[in-house]
Amino acid sequence: MADIRNVPVVEIVNQLESHVSHKEIDQAAEYITGKIKEYKDTPDHMGLLALLNEAMLFYTEIKKADEALEYADKAISIINNPMLDTRAAEATISMNAAKIYRLCGEKEKALFLYIRSVEHYEKEFEPNDPRLANMYNNIALNISALNEISAAMDLYDKAIAILSRRDDSAPELALTHLNVAFVLYNTDKEANKEEIDKRIEIAKELIDSNITEDSYYARVCEQCANSFALVGRTDYQRELLGRAKLINIKAKKSKK
């Protein structure tokens, strides 16, 4: 009989990933569901939270909303239990569950959890930590999808403030300005045309002034190309994709 006191999270996650990588989706679903049932009464609530997190991400990936929502609800009930210390997992669980609630149309729950995750990440990271800027960006993207434009713009401003202080953050800063342009474009592209153009020019300048012929810059070009396309700048999208293609071709030739 399994020892339910401690959840072997790494072992379970590795086995789940093995099923998924081999396209054994039914086996993966049966496996993670079975493990959560096996450890449902464990006092290792952090281990159980880790399993619930894996389950809700797995079911989101295979587009089974009801199952994803079920495990998100269970995870949130654990972090909401005042008798348990779950501080180490609250930011991650809140953000992942919020995404599921958003996809399932539960806007109020999603928004509350996004705000909670911001509060936790701000306690976890130093104010100028670039990882915090990344979290601001990710959460702003999701909040803007809930039409909470003002809140999203505040988070983007915070991300820009952090990234602007760093000499090595040009790609991330460019993407953040493009994210702002995308929000404004979707909100009212005619009324916001001047600000959209401004953000796009800032992003282009950041990308063009930091050219390096390596695989990282090629990936930046490809990622930014998609963002430029979303705001209607397909000409620059093509330019960036062409730039990335040339870098990748040169890299392949140099390996021969």
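Biologist: What covers the buried residues of α8?
Modeller: The cover includes α6 (107-124), α7, α9 (170-188) and α10 (193-208). The model is predicted: local features need pLDDT of at least 70, side-chain atom pairs count only at pLDDT 80 or more, and totals for chains, interfaces and linings use all residues. Residues are numbered from 1 along each chain as its sequence is written, and side-chain values use heavy atoms, without hydrogens or water.

Biologist: Which residues of α8 are called buried?
Modeller: A152, M153, L155, Y156, A159, I160, I162 and L163 are buried, that is, under 20% relative accessible area (1.4 Å probe, protein chains only).

Biologist: How do you know what span to expect for α8?
Modeller: The expected span is 1.5 Å times one less than the number of residues. Helix α8 (residues 149-163) has 15 residues and reaches 21 Å from first to last C-alpha, close to the expected 21 Å.

Biologist: Why are α5 and α7 called roughly parallel?
Modeller: Helix α5 (residues 87-103) and helix α7 (residues 130-145) pack at about 20°, with axes 10 Å apart. Angles under 35 degrees count as roughly parallel, and therefore α5 and α7 are described in this way. Their contact (heavy atoms within 4.5 Å) is made by M95, K99 and R102 of α5 with M135, I139, N142 and A145 of α7.

Biologist: What makes α10 roughly parallel to α12?
Modeller: The axes of α10 and helix α12 (residues 234-255) cross at roughly 15° and come within 13 Å; that angle makes α10 roughly parallel to α12. K204, I207 and D208 of α10 meet Y236, L240 and R243 of α12 in this contact.

Note on methods
Axes are lines fitted to C-alpha atoms, for helices over the stretch in contact, and angles run from 0 to 180 degrees between N-to-C directions. Helices (H or I, at least four residues) and strands (E, at least two) are DSSP runs, numbered from the N terminus. Angles under 35 degrees count as roughly parallel, over 145 as roughly antiparallel, 65 to 115 as roughly perpendicular and the rest as oblique. Buried means under 20% relative accessible area, exposed over 50%, partly exposed in between (1.4 Å probe, protein chains only).
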